[in-house]
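Hi,

Here is the structure I promised to send over.

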Amino acid sequence: MDVCAICGSLRKRSFNRMALRAARELAPQGMTIAECAIRQFPLYDEDVRQLGFPGPVQDLRERIRAADAILFVTPEYNYSMPGVLKNAIDWASRPPDQPFNGKPAAIMGASPSMFGSARAQYHLRQSCVYLNMFPVNQPEVFIAGADRKFDENGNLTDEATRKLIARLLQELARWTARLKTSE
Ligand code: FNR
């Protein structure tokens, strides 16, 4: 099972990228999670799109199309998803053959605050409706107090959170298999 992961933070010491790294370690047998880069995306501009998708956008569209499922790992900015993530989704989602269509997905996120990116995740779930993606509903993975849950090397040290991420990925595997058999 090939999972395309998209991280909503670009910074080096990102808690969300650390959480993504933990997810790669905790993936069930048979699941491979690879991060798909969004750093080089230009700001969405319909005039540019008319001339063709920029290379990094085209690459992501192909990765999404080829993947069995998508994993979003997102911070919360001003009670919503960061602009870089929304911008990437906006670019990748344009026709023809909108690549998110019908894809299973899992969503998780981390924040030093007590809400663990919950509000950003609900906005992302709202976008999933329009994109016709099928996100796993539960478990929800809100990594609150993220500044206390990773060590200086970026390892996720909180056992409860490790278990929760493992459960989410098991559920993603189960959900993806179920959607495939119903095709
Ligand atoms: C934040 N942060 C933040 N946190 C939160 O829980 N709710 C919020 O609404 C916001 N808003 C917000 C806006 C902006 C512009 C920034 C830069 C930050 C704090 C944020 O969760 C924190 O910086 C995380 O560490 C960002 O995730 P990464 O980069 O560590 O993955």
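Below is what turned up, starting with the ligand. Keep in mind that this is a predicted model.

The ligand has 13 residues around it, and the closest are S9, R11, S14, N16 and E76. Sorted by class, that shell has five nonpolar, six polar and two charged residues.

- E76: an N or O atom in its side chain is 2.8 Å from a nitrogen atom of the ligand.
- S113: a polar side-chain atom sits 2.8 Å from a ligand oxygen atom.
- F15: here a backbone N or O atom is 2.9 Å from an oxygen atom of the ligand.

As for how much of the ligand is covered, it exposes 620 Å² when taken alone, and the protein buries 71% of that.

Next, the largest pocket. Its volume comes out at about 180 Å³. The lining is made up of K86, I89, D90, S93, R94, P95, Q98, S127, Y130 and L131. Helices α4 (83-92) and α5 (118-131) each supply at least two of the lining residues. By class, the lining has four nonpolar, three polar and three charged residues.

A22 and F150 are 128 residues apart in sequence, yet their C-alpha atoms are 9.9 Å apart in space.

Cheers

Terms used:
Residues are numbered from 1 along each chain as its sequence is written. This is a predicted model: local features need pLDDT of at least 70, side-chain atom pairs count only at pLDDT 80 or more; totals for chains, interfaces and linings use all residues. Side-chain values use heavy atoms; hydrogens and water are left out. On a 1 Å grid over the protein atoms alone, a cavity is a set of points where a 1.4 Å probe fits but cannot get out, and a pocket is an open set with protein on both sides within 12 Å along at least five of seven lines; lining residues have an atom within 4 Å of a point. Grid points are joined across faces, edges and corners, and a volume is the space filled by probe spheres set on the points. Helices (H or I, at least four residues) and strands (E, at least two) are DSSP runs, numbered from the N terminus. Ala, Val, Leu, Ile, Met, Phe, Trp, Tyr, Cys and Pro count as nonpolar, Asp, Glu, Lys and Arg as charged, and the others, Gly among them, as polar. A residue is near a molecule or strand if one of its heavy atoms lies within 4 Å of it. A polar contact is a pair of N or O atoms within 3.5 Å; within protein, one must be able to donate a hydrogen and the other to accept it, and residues adjacent in sequence count only if both atoms are side-chain atoms. Accessible areas come from the Shrake-Rupley method with a 1.4 Å probe; for residues, only the protein chains shown count as cover.
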